[in-house]
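Me: I would like to go through the terms used for this model and see what each one rests on.

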Amino acid sequence: MIKINFYLDGFQIEGHALYADSGSDIVCSAVSGISLGSINWFDKICKILFLEIDESKPIIKIKVELNKSSELGLALVETQLMQISESYKKYVSFKKYKKNVEA
């Protein structure tokens, strides 16, 4: 299962969906595309305070400096990832916290 933890200033994603075989897993692909695309966007728009990407665990963790642009970007990413978790509850969990990412 993919576990998504969303915070005021970033997010953490870990695990595999196990929806299908590696290379054919549309749930993993969707979550990866959204998260990695957002990291590229944040890198251009705001200051990334912490970033960890480790494919061996697997884990993605990002903390950004908050400003109007980064808050808008986080809201968009949150909506996209929450939609995937609602559509694939057996494969993705989503939790939102009212605190900052612990780096």
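Me: What makes Phe42 count as buried or exposed?

Reply: Buried means under 20% relative accessible area, exposed over 50%, and partly exposed in between, with a 1.4 Å probe and protein chains only. Phe42 has a relative accessible area of 0%, so Phe42 is buried. Trp41, with 37%, is therefore partly exposed. The model is predicted: local features need pLDDT of at least 70, side-chain atom pairs count only at pLDDT 80 or more, and totals for chains, interfaces and linings use all residues. Residues are numbered from 1 along each chain as its sequence is written, and side-chain values use heavy atoms, leaving out hydrogens and water.

Me: Why is the pair of Trp41 and Phe42 called edge-to-face?

Reply: Rings of Phe, Tyr and Trp (its six-membered ring) pair if their centres lie within 6.5 Å; planes under 30 degrees apart count as stacked, over 60 as edge-to-face and the rest as tilted. The Trp41 and Phe42 centres are 5.3 Å apart and the planes are at 70°, so the pair is edge-to-face.

Me: How are the helices α1 and α2 oriented to each other, and why?

Reply: Helices are DSSP runs (H or I, at least four residues), numbered from the N terminus. Axes are lines fitted to C-alpha atoms over the stretch in contact, with angles from 0 to 180 degrees between N-to-C directions. Under 35 degrees counts as roughly parallel, over 145 as roughly antiparallel, 65 to 115 as roughly perpendicular and the rest as oblique. The axes of α1 (residues 26–45) and α2 (residues 68–87) come within 10 Å and cross at roughly 180°. The two helices are therefore roughly antiparallel.
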